Structure formats: structure tokens, C-alpha cells
Amino acid sequence: MIRSGGRTKLKCVYCMKLFLGGGIHRIKEHLAKQKGNASRCPKVPPEVQNAMQDSLDGAAVRKKKKLKLAEEVTRVGPANHLSDGNAMDATGIPIVSLPDMLDSGTIEVEIKEEGVLRTVEKGRRRRAKLDVQAAPSLAPPVASDVGLLSKSHLAPVMDKEQVYIAIGRFLFEAGVPLDAVNSAYFQPMVDAIASAGPGLQVPSYHDFRGWILKRSIDELNSTMELYRGTWSRTGCSVLADEWTTDMGKTLINFLVYCPEGMVFLRSVDASHIITSEETLYELLKHVVEQVGERNVVQVVTNNSEVHVLAGKRLSETFPTLFWTPCASRCIDAMLDDISKLDDISMIIENAKSITGFIYNHADVLNMMKRYTNGRDLIVLGEFRAAMNFITLKTMTTLKDELHAMITSEEWADCPFYKRPAGIAMTNLVSSSTFWSSCAMVVRITEPLVRVLNLVDSNRRPTIGYVYVGMYQAKDVIKKELMKKNIYMPYWKIIDWRWNRQLARPLYAAGFFLNPLFFYNLQGQISNEISSGMLDCIERLVPEPKVQDKIQKELNLYKSAAGDFGRKMAVRARHTLLPAEWWSTYGGGCPNLTRLAIRILSQTCSARGCERNHIPF
């Protein structure tokens, strides 16, 4: 997408043909080499051509289905059969009868002035059926399409508690795991039922295993094809999320991340191959080939020695992609190393003695919740080390509430008050030294926890934020502890983990290409960042001619020339995601823009995938 002469135009990135109009359908025909409203692209890759053809075929099928459904509704629905000769009721409102839907008696539909349909039932009504010759066997019932509402719409509205109890009764009786309510589809289901109103006819068992299942699979396949169609443009990250089951098996979930969303590829029982570099390499190689070598920007795996060796071999086999260790695991390891320092370890142990005493005595726990208005001290999380520091922060914010509890008459009357553990807890909560130490630990670790939460979310591309996040964490530690001999142990932990695991060219390039960070440095770019950017150019862009063009276009970016220097572009550095900023203002540097979008559209963690909405 480019801006020229005050208009937004589209340009093919393969043959550079410029489209002045016609919409995205015309572009798809061009890339699919389909005879139609546009010339055929002579340079489109086969995989892109096939993806565009599938998209066009899917659009045509959906259009036919819509037309067929419209014909069926027209044939059955009453709204299209009104005429001046229709019967009138006592108020002069026309009444439309549907004899083809009646067994004995009739249903009459009154059309009110505000356009709301109300049904009046006479005699016995049977379920409306479409002509089986006209409707496909997998089509859903169309009672809602023909505008029929039953008398149960007049039922009284239930309050929220009654609704919640009804939902709970279903979950309990059916034995549905209660964590099902955390599904991304639960709230949309509730909204859909509520929008249909009372009296919604529940689909049968055969409906769910028939047309509903078929329709859901078709929608899922369409979503996955949509995601796949963007991989060649934005690039993608192959994520290997490794975890251990309750039975001790090691499973690896392979997922593909792109800005459009996450796609689940496969799950592998790796219990017998996780210690074998050769077997793990072959598994990763097969997944890359399945996704497409030219689509993959990086492969993100665990940080163990076996993964390091397999990742290096993978990078040698595919010279146009990177192997990257999981950033969230690395940052959690930093926090774990910090928690083992003597001073930090003592503070954590004292905090654990408070939470342990409270949560091991129900009476004390209930008392604490009354004083904290139901808030918990312990915050559960995916990472144990990070959970310790998050709990410390929560305890610090509830310091006054805990102090009010231990100075109350209720605490003095508590039978656990005079026990050794209760006395120790009282002394700690009353200690200003303990709380000041907790606050200091929270301040020096919170930047790392924020970076961990960022890279673990997978809700947006994060490759452009890790480098500056680590720099800010070190800067906060230095300002907090001030003396070099005090803050250097923390720096050494961060540097050792960073240089050993996370010092990757992609992170440096992500920082370089993030306009918010790059222009704030005012030209003070370190050699590490510049070198990482050059590594990405050489590896992700194998064509020497294109590399040379990118090198020239870098000068425009560095000097904020052309569209990069527009006032809108300067303001957008703070509001747009980096990849969106390049897509909007990088039209004058097409080669550098394509590279920037491929790098800035990536994530850097394989963790957290199962908590997000992923098509399976």
C-alpha cells in the first residue's frame, strides 16, 4: 500500500504492478494468475498463487451459499408476499398466513408499525421444515431466518443470579470441567443465546455432530487459510512450546505465530527424543518444511543444550531463518538467579513465612480477606520465580491492611496469635525494615517482570521491545542501588543470561527498526545494534542486489527523510505498532519496509500459547 498524489494505491511486491482501484479481489486475481479484471503476475511464487486461488474459490462458494439461502428465505418467508389484497385485522394491520408451515390450525404474523414481528398461534403448530430438495442436508433450521417468534418470548426475564445458577446446574449435572468457562468461546456463546431471546429451540445431539460440527470445521479451515495467506508477506515464527504432563511425558506443541493470529500445527510426544540432538533437529526441520522455508523468520524453542545444538544445525540447513531461544524462559531464569542472592532470598523467605501462616489457618485467612476486601496475597502464575516477586508487590500494596489486622482486637482474641509462628508473623508485619526491603526488591525486579509479561502474552509482536526492556531493567537497578559494588551482582546475572541466550540479531534489529526507540537515541547507536541489523539483512534477504538497495534506504530512515519525517509520522511513533508504522510511512523504501515488517511482526516466546485463542 503506497500513498501517491493524495490517493492510496496498491502495488504488487513481486512484479511491481501498480493498481489504481478495483479492491482486494482484483489483487487476488492478479496473484492467482486468474483470468479476470487484472493482468496475471509473472513473478508470483507458487505457494502464494495457490493461496490466492483457494481464497477466490472460497469466496465464490460462500457467495453461492448466501444466494441459495436468500432464495430459500424468499420462498418461505412472509415478508416478500405482502400485497394490497392481504387480510386486515381489526386495527387495519395486514395479516400474513403461512399455510405451508401448518399441520392443523394456522399461524398468523402481525406486522407492527415499529417493524417487530409477533406471532399468534391457533390450533396445533408443527415445526417448520424446508423442502429437502431445495436445502442442503447440512443446513441449519431457518426458523429464525423467516422471522417467526414463539409465545415463550413473553416469558418473564430472569435476574442474573438465576441465569448463573442455571448455567452452573448444567455444568455440574453434565460433569463439564469448570475451567471450561475460561474458554474464549464461552462469552460469545452466552451472548448469542441472549440475543436469540427466550424459547430458543436447543439443537439436537445429531445437529451438533452433524451440520454444526461441519460448519465449525469449515470456518476454522477458512481462518487458518487466512493466516497462511499472510505468512509470505509478514513472515512467521515457528514456536515449539515444550511441557511435561502429570504422567511425566514431554510434549511439544508446534504453533505458527503471525500478526493475524496463532495456528496450531501438531503435538508430538517427545519423551524419547528430547535428549537426542539429531532426532530433535529432524523434527524441527520437518516442521519448517511444512510451513515453508521462505515464510519462516525464526524458530523459537527451549534453552537447553540439546535445543541449542539442534537450533544451530537448523540455522545451517536453512540459511534464511534464525533459531531463537524462548525469551520468557530466559527472563524467568534471570529472576530465579536474583531470588537466590542472599539478601533477596532472606526477604522472600520472610514473606513466605507470612503467607504460609495465613493460608495454613482458615480462621486467619478469613480474617485477612475481611481486612483486604477479599484480595489474596499470593498471585498464581506460570513462572515460579516471577510469582515470588509479584506476590511481594501484592503484599506491599496491602501493607496497611495487614497492619490493621494484627493491631485489631480480633487478632488479639485469635487462638493462633500466641503461637510461635503467629508471633513471628506479627513481628514481621510490624517491622518497617521488612516493608522497606520488600519495596526495594519490588522496584528493582518490576522492570524484568514487565518484560516477562510482555513477551509471554503473544497478543502482539514483541521482538521490537525486548532489547530496550532489558536496558531499562539494568538502568532501574543502577539508580535504585546506586553503588557499583551493590548493583553489579544483578547486572552480572542479567548480562550472563543475555549474552549466553538472548543476544540475538533479531532483537538488535527489532530495536533498530522500532522508530520510537531509534529516534530517541539521536544517532547514538551501539555497534552491537548496528551489527545485528546487518546480520538480519544478510540472512533474511539472500539476494545481493536487494541487500544493496536496503543499505541505501537505511540512510533515508536514519535521517528521517521523506515520509519518515512527516509530522504525522513523528506523532505515530508513539501511537502505532512498529510494523504498522512502517506499513504506513515506509512506501519510499519498499525493500527496507518489507524487511522491517517481517522482523517487527514476530514474537519471541513459545510460552503462553495455550492461554490465548488459537485455532486447533
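In the predicted model, helix α10 is followed by N373, a residue whose phi is positive, near 60°. Helix α10 itself spans residues 362-371, and V364, L365, M367 and M368 within this helix are buried. These four residues lie on the same side of α10, because they cover an arc of only 160° around the axis. The spacing of such residues follows from helix geometry: an α-helix has 3.6 residues a turn, so residues three or four places apart point the same way. On the other side of α10, A362 and R370 are exposed. The cover over the buried residues of α10 includes α9 (342-359), α12 (399-406) and α13 (409-412).

Aromatic rings were examined next. The model contains 20 aromatic pairs. In one of them, the ring centres of F434 and W435 are 5.1 Å apart and the planes meet at 65°, so this pair is edge-to-face. Both F434 and W435 are buried. The rings of Y557 and W581 also form an edge-to-face pair, because their planes stand at 65°, with the centres 6.5 Å apart. This pair links distant parts of the chain, as Y557 belongs to helix α21 (residues 544-558) and W581 to helix α23 (residues 578-585), 24 residues apart. Y557 is buried, with a relative accessible area of 0%, and W581 is likewise buried, with a relative accessible area of 0%. Ring pairs join Y557 and W581 with F512, F518, Y519, F564, W582 and Y585 in a cluster.

Charged side chains also lie over aromatic faces. K17 is placed over the face of F19, at 5.4 Å from the ring centre, and K474 over the face of W491, at 4.5 Å from the ring centre.

Terms used: Residues numbered from 1 in each chain as written. Predicted model: local features only at pLDDT ≥ 70, side-chain atom pairs only at ≥ 80, totals over all residues. Heavy atoms only, no water. Buried < 20%, exposed > 50% of the residue type's maximum accessible area, 1.4 Å probe, protein only. Helix = DSSP H or I, 4+ residues; strand = E, 2+ residues; numbered from the N terminus. Arc of directions from axis to C-beta. Contact = heavy atoms within 4.5 Å. Phe/Tyr/Trp six-rings, centres within 6.5 Å; stacked < 30°, edge-to-face > 60°. Lys NZ or Arg CZ within 6 Å of the ring centre and 35° of its normal.
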